[in-house]
Amino acid sequence: MQIFKPFRFIPKKRIEKQATSILQQMQQTPSYELKFPLDASRVAEFLGLDVVWDSIPNDEKGMIAARILPLEKLIEINELIPELKGGFGESTIAHEIGHWVLHIDQNTVENCLSTDINIVKVDPLLCRNEVNLSGIEWQAQYFATCLLMPRFKLKEICYNRNLQQWRELYSIAEEFGVTISNLVHRLKDLEWIELKENSRKIEIRK
């Protein structure tokens, strides 16, 4: 039984659309009104996932930041990594939600749960602290940035703000509860700003 979908290319627009769709569904549900900084745990709850902070031991490949256990519908965040507290933690939870949405066959999960779960064994999907993201890790991370900083909210918060000023960018990052590098990367990806290599000078592109 295949719980994890085979890797496939997913366009950025489709990933962003899926993240935005979840936020719109939450907005239409009275008890899940959207507030920013976004509490990614509430998004997980909305999707039927539990989130726990727990000790995750290293394996032969090293430190594990988080993991998702599909049949338990559970996201585990490693409490042994202090860097995951705060904005990094929200980003990590949002990243795991990305795996749930993009890479896990939820119909198969439901089929397994409706039968005898004891005869099905599925290894957790592990995520590590890696600088260079590729494949499904990149897709999950892009989903996370779209979820935490949706385009419609960025337009609202950035309106009439001077995006060429670093002080302003730090203020916006705080409003979203993300790191400054996450915000800058998102704005560059949207082609709203440009930051040349080895330079702190910000150019406006929009």
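Helices (H or I, at least four residues) and strands (E, at least two) are taken as DSSP runs, numbered from the N terminus. By this assignment the protein has 8 helices and 6 strands, and from the N terminus on its elements follow the order α-α-β-β-β-α-α-β-α-α-α-α-β-β. The model is a predicted one, in which local features need pLDDT of at least 70 and side-chain atom pairs count only at pLDDT 80 or more, whereas totals for chains, interfaces and linings use all residues. Residues are numbered from 1 along each chain as its sequence is written, and side-chain values use heavy atoms, with hydrogens and water left out.

The radius of gyration, taken over C-alpha atoms, is compared with a globule rule of 2.2 Å times the number of residues to the power 0.38; for 206 residues a compact globule would have a value near 17 Å, and the 18 Å of the protein agrees with this. Buried residues (under 20% relative accessible area, with a 1.4 Å probe and protein chains only) make up 44% of the 206 residues.

In helix α6 (residues 151-158), the residues Lys153, Leu154, Ile157 and Cys158 are buried. Seen down the axis of α6, the buried residues fall within an arc of 120° and so line one face of the helix, the arc being that of the directions from the helix axis to the C-beta atoms. Their cover includes α7 (166-176) and α8 (180-189). Just after α6, Asn160 takes a positive phi of about 65°.

Glu16, found in helix α1 (residues 12-27), is buried, with a relative accessible area of 8%. Leaving aside neighbours within four places in sequence, Glu16 is in contact (heavy atoms within 4.5 Å) with Tyr142, Cys146, Arg151, Arg186 and Leu190.

Notes:
Buried < 20%, exposed > 50% of the residue type's maximum accessible area, 1.4 Å probe, protein only.
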